[in-house]
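Colleague: I'd like to learn how to read side-chain features in a model like this. Could you walk me through a few?

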Amino acid sequence: MLFLTEADVRELLPMKDCIESLRSAFQSLADGHASNQPRRRLVMPGGAVLHQLAGYCQNYFGTKIYSTHLKHGANFLFLLYETETAKPVALFEADFLGQIRTGAASGLATDLMARGDAATLAIIGSGHQARSQAEAVCTVRPIREIRVWSRSEEKRSAYAIEMSGRLGIEVVAADTARDAVEGADIVCTATWAKDPVIESGWIARGTHINAMGTNVANRREIPAEVVFRANPVVVDSVEQAKLEAGDLIQAFGEDDWDWRVVGLEKAMSPGWQGSAPGDITLFKSIGLALEDVAAAALVYERAKAATRGLELPVLYS
């Protein structure tokens, strides 16, 4: 069984390839050759939480197990199995795996939903996920300018310098969230906010929004006014969104889900009628084990080839 470190994942999982891997995975989900099990959480009295999710796609299945604590951070592991034999084939350090596949999900949704000429990106948030969001959007659209805002002036300025160098385009640290969002073709929210970080009046017709910062029912980044203006609202899993997508849960009644919300696999179908010109489009990302399986399988296949010369560490079971 291979043991794959964060460094291995960084080397073997370019954003462009991960987006295509997720495209294939959601097509498999549409075809009935993949499945996803929603996240479960075990909450401890002292504040520690154990999160568990599982998924299957074609030749592989797997489970992510990660722990979080507000004072001590998070720890991520992913275990990949071979479908044919049910044998474990790889254990991953999975922090970067999660970051890149989350960005890739937004990249895929942006490719399906955003205007082809979208050139300006607003990022709300300046953490690790905000970095992969920007990289993914720039992979699928000809972005010429990024405007970033977060509560810390120091962090958003550092983000602007780092990402400008990494992406080779202009990245500006905005003074306010409104300055970042107004006039942007694409907006990504990547925060842990409890209350909305954007306002409806800032969002122009034809804007695409990726909202990925929260996956608990009592938090939201997007106000209900924006959710109701969006057509379509796409999620990576309708089943899981009903449990975790606070942005939608706090906006919708029970009857709204059936006609307002579409799974990403359906949005990929050639006959799907999505947005009309001028519509605001919204992708609410929650993070699925299916996405982890697709990304991990790609890394594993590449690592397996490399380990013929024992270039990567190996665990023997």
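Colleague: Let's start with aromatic pairs. How many are there by the rule you use?

Modeller: Rings of Phe, Tyr and Trp (its six-membered ring) pair if their centres lie within 6.5 Å; planes under 30 degrees apart are stacked, over 60 edge-to-face, and the rest tilted. By that rule there are 6 aromatic pairs. One of them joins Phe228 and Phe252, edge-to-face, with 5.5 Å between centres and 75° between planes. This pair links distant parts of the chain: Phe228 sits in helix α7 (residues 224-229) and Phe252 in the loop between α9 (246-249) and α10 (256-260), 24 residues apart. Helices (H or I, at least four residues) and strands (E, at least two) are DSSP runs, numbered from the N terminus.

Colleague: Before we go on, what should I know about the numbering and the model?

Modeller: This is a predicted model, where local features need pLDDT of at least 70, side-chain atom pairs count only at pLDDT 80 or more, and totals for chains, interfaces and linings use all residues. Residues are numbered from 1 along each chain as its sequence is written, and side-chain values use heavy atoms, leaving out hydrogens and water.

Colleague: Now polar contacts. Which side chain does Arg131 join in one?

Modeller: A polar contact is a pair of N or O atoms within 3.5 Å; within protein, one must be able to donate a hydrogen and the other to accept it, and residues adjacent in sequence count only if both atoms are side-chain atoms. The side chains of Arg131 and Glu162 meet that way at 2.9 Å. A polar atom of the Arg131 side chain is also 3.1 Å from the backbone oxygen of Gly127. Arg131 belongs to helix α4 (residues 128-140) and is buried at 14%.

Colleague: And where does Lys64 put its charged end?

Modeller: A charge sits over a ring if NZ of Lys or CZ of Arg is within 6 Å of the ring centre and within 35 degrees of the ring normal. Here the charged end of Lys64 sits over the ring of Tyr66, 5.8 Å from its centre.

Definitions and conventions
Buried means under 20% relative accessible area, exposed over 50%, partly exposed in between (1.4 Å probe, protein chains only).
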